Amino acid sequence: MAILRMIKKSSTTRDVPKGHFVVYVGETQKKRFVVPISFLSEPLFQNLLSQVEEEFGFNHPMGGVTIPCSEDFFIDLTSRLRK
């Protein structure tokens, strides 16, 4: 099972496995990712969240954390966290 899974936006919270949370990633079109809660303790992920907070605040209208970076950047960052 992959640590990082992209799930269709229309899916429900039942699709979020225990120990994971939802983030929406994208600069214009948002894609839904389910990531492990353990990412929250990783300095790379914490830095990304701090940058998002500084620039955009914490208004998350989609029901999960919204990260307005490119999908490729997010996938690259989370790939490094899996190692």
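This is a predicted model: local features need pLDDT of at least 70, side-chain atom pairs count only at pLDDT 80 or more; totals for chains, interfaces and linings use all residues.
Among contacts in the protein chain (heavy atoms within 4.5 Å) between residues at least 6 apart in sequence, 54% join residues at least 24 apart. Residues are numbered from 1 along each chain as its sequence is written, and side-chain values use heavy atoms, with hydrogens and water left out.

The secondary structure of the protein chain comprises two helices and four strands, taken as DSSP runs (helices H or I, at least four residues; strands E, at least two) and numbered from the N terminus. Along the sequence these elements follow the pattern β-β-β-α-β-α. Of the 83 residues in the protein chain, 33% are buried; here buried means under 20% relative accessible area, exposed over 50%, and partly exposed in between (1.4 Å probe, protein chains only).

Strands β2 (residues 20-25) and β3 run antiparallel and are joined by six bridges, where pairing requires that DSSP find at least two bridges between two strands. Within this arrangement, Val23 stands opposite Phe33 in β3, and Tyr24 has Arg32 of β3 as its bridge partner. The two strands form a hairpin with five residues between them, and Gly26 in the turn has a positive phi of about 150 degrees. Strand β2 also pairs with β4, in the parallel sense and over three bridges. Tyr24 takes part here as well, its bridge partner in β4 being Thr66. Five of the six residues of β2 are buried, so this strand is largely enclosed by the rest of the structure.

The loop between β3 and α1 contains Ser38. Ser38 counts as partly exposed because its relative accessibility is 45%. Ser38 and His20 are 18 residues apart in sequence, and their C-alpha atoms are 8.1 Å apart in space.

Aromatic pairs were assigned to rings of Phe, Tyr and Trp (its six-membered ring) with centres within 6.5 Å; planes under 30 degrees apart count as stacked, over 60 as edge-to-face and the rest as tilted. By this rule the count is four aromatic pairs. One of them is the tilted pair of Phe39 and Phe45, with 5.8 Å centre to centre and 55 degrees between the planes. Phe39 is buried because its relative accessible area is 3%, and Phe45 is buried because its relative accessible area is 0%. Phe45 also forms an edge-to-face pair with Phe74, at 6.4 Å centre to centre and 65 degrees between the planes. This pair links distant parts of the chain, with Phe45 in helix α1 (residues 43-56) and Phe74 in helix α2 (residues 71-82), 29 residues apart. Ring pairs link Phe21, Phe33, Phe39, Phe45 and Phe74 into a cluster.

Helix α2 has 12 residues and reaches 17 Å from its first C-alpha to its last, close to the 16 Å expected at 1.5 Å a residue; the expected span is 1.5 Å times one less than the number of residues. The buried residues of α2 are Phe74, Leu77, Thr78 and Leu81. These residues cover an arc of only 90 degrees around the axis, which puts them on the same side of α2; the arc is that of the directions from the helix axis to the C-beta atoms. An α-helix has 3.6 residues a turn, so residues three or four places apart point the same way. What covers the buried residues of α2 includes β2, β3, α1 and β4 (65-67).

A nonpolar core was defined as a set of buried Ala, Val, Leu, Ile, Met, Phe, Trp, Tyr and Cys residues joined through side-chain atoms within 4.5 Å. The largest such core has 15 residues, of which Val23, Val25, Phe33, Val35, Phe45, Ile67 and Phe74 touch the most other members. At least two residues of this core are supplied by each of β2, β3, α1 and α2. Helix α1 contributes the largest share, four residues.
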